[in-house]
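Biologist: Please take a close look at one part of this model for me. I would like the helix packing described, and then the aromatic rings.

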Amino acid sequence: MQLSRRALSVATGAAFVVDVVVAGSIYYVGTHSKKDANVDEYESVTSDILTCCLVRIFVFPLMAGLSFLVYKRTEASSPLQQFRQAQESAREVVSNGTNGDLRVPLAEVPMQAVNGSAGSSIVSTSSCEKSAFEMNRDHALLMKRADRRKEIIMLVLFAISTGMSFYNGIKCIVYHYDPRFLALQGTLQALTMVMINVEYFMLKNLLNKFTEEQGELIPHIHMHPLFFETGLKCHGCDVCGDQMKGPHYIAYRCRTCDFDLCPRCYKQKDKHSAKGFGARSVRRDGEQITTWTYFKRIVQLSMEFWPTLVAAVTCLVVTQGLQIFAPNVQGSIFDGILAYLKNPENGRSKFEYAMLTYVIINVLQGCFSGLKALAQELVQRRMACSVRLKLFASVVRMDISFFDTMHTGQLTSRLTNDASTWISGSAMPWSNSGLLSRLLLGWFEHSVSLSRLAPDNPDVKQ
Ligand SMILES: [Zn+2]
Ligand SMILES: [Zn+2]
């Protein structure tokens, strides 16, 4: 699921092209549809959508580019960056300089010192390591500032895109559609809204891709790159279990998951006898574990109990559907009361019918949500059981050296605490009723708004 920079750039460019095509089509269809003379200009004109789109395709990349420039300028002032560049150029000069004049007396500084292993007891390298640590710390702070500056510019861009979304959204509603091209015009207008958001998020993704920092990957200790960070008070090392020490609370932290490595363990990272060495988490075939991999695994695991899972999802859909339907019935109850007040004979039956429907809906809702909870609980428990069995089976089959470097407590905690935390987290996709109801609600609202626009609707004719 990780796209390369090139693919992402192409996709972002394509989004802008699609946007221009959509806006152009709206303009073209708009000029060829028939106009009512008595309609307000704002409600019939389409050139503003096209102008908006043209402004967008210039302003959006410009702002993103500005954000990138600001980030890079801030990054260039980092002492660590300057040091790396100096080292790079020194190496180049040494390798290119066949005549003695070009040789620069820049000593090759050990890379280990740059990677920052502070707090060494070795006296001879301590000053070198201290400055390396300061450099790393300054770099970490500076990168945070650069990130903040980048985010501020992107925030302005977000405000602009939200403003455009608002403008186009209002336009969507008040626009006088030609009955002949109703579906086409409606779809195109909706597409504009989608494209504004797609463009913003793709640009943001692209920017993040181009400004992401390269962490250090230590595959035999952790599966993700680790980043030098300071100020991690109350964080514990995930290898030796020690708390981070003051005054700077340095650690090598994973930005994907909650993994910290203390400087002491970092220094011993290449020793085979060090704690945590056997906890290699990268698979032998080199597959990187990402959020997508986790999701795929959850789906795979839950597929073992698919009948229960299908029942859970069905109950979830039904419950959410009923929840969306309920306000409509509540409305008709009020309509029934009003009808009764106007005409006591006919109104009563209407009110009774609405009340009966409401009661049935509520009973059904109760039944299905109970069933949903039961099915979810069953899936969760079965998953927990199967995960623990699998985990135990693989731990038992590990090499004996794995047990030399692994804490017994960590293994026990993995089987009990980690497994249950994981299970409660992985049940999320199946129980996320909020997300589902929002999707259903969105679809419902969309169909309601479309039906309101239909030419045979009495609301429109008035
Ligand atoms: Zn440690
Ligand atoms: Zn991680």
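Modeller: Start with helices H10 and H11, which are roughly antiparallel to each other. This is a predicted model. The label follows from the angle: the two axes cross at roughly 160°, and angles over 145 degrees count as roughly antiparallel. H10 covers residues 306–342, and H11 covers residues 344–396. Their axes come within 7 Å. The crossing of H10 and H11 is left-handed. Now the make-up of that contact. The residues where H10 meets H11 include 25 nonpolar ones. Another 11 are polar, and six are charged.

H3 spans residues 47–76, and H7 spans residues 182–211. The axes of H3 and H7 come within 10 Å and cross at roughly 15°. That makes H3 roughly parallel to H7, because angles under 35 degrees count as roughly parallel. H3 passes H7 in a right-handed crossing.

Now the rings. The count of aromatic pairs comes to six. One of them joins Tyr175 and Tyr177. Their ring centres are 5.2 Å apart, with 85° between the planes. That pair is edge-to-face, because planes over 60 degrees apart count as such. Tyr175 is buried, at 4% relative accessibility. Tyr177 is buried too, with a relative accessible area of 16%. Both labels rest on one cut-off: buried means under 20%.

Tyr200 and Phe201 form another edge-to-face pair. Here the centres are 5.0 Å apart, and the planes make an angle of 80°.

The charged end of Lys150 sits over the ring of Tyr71, 5.3 Å from the ring centre. Arg255 lies over the face of Phe227, at 3.9 Å from the centre of that ring. Both contacts meet the distance cut-off, because a charge over a ring must be within 6 Å of the ring centre.

Key:
Residues numbered from 1 in each chain as written. Chains lettered and ligands numbered in written order. Predicted model: local features only at pLDDT ≥ 70, side-chain atom pairs only at ≥ 80, totals over all residues. Heavy atoms only, no water. Phe/Tyr/Trp six-rings, centres within 6.5 Å; stacked < 30°, edge-to-face > 60°. Buried < 20%, exposed > 50% of the residue type's maximum accessible area, 1.4 Å probe, protein only. Lys NZ or Arg CZ within 6 Å of the ring centre and 35° of its normal. Axes fitted to C-alpha atoms, helices over the stretch in contact; angles between N-to-C directions. Helix = DSSP H or I, 4+ residues; strand = E, 2+ residues; numbered from the N terminus. Parallel < 35°, antiparallel > 145°, perpendicular 65-115°, else oblique. Left-handed = near helix turned anticlockwise from the far one by under 90°. Nonpolar A, V, L, I, M, F, W, Y, C, P; charged D, E, K, R; others polar.
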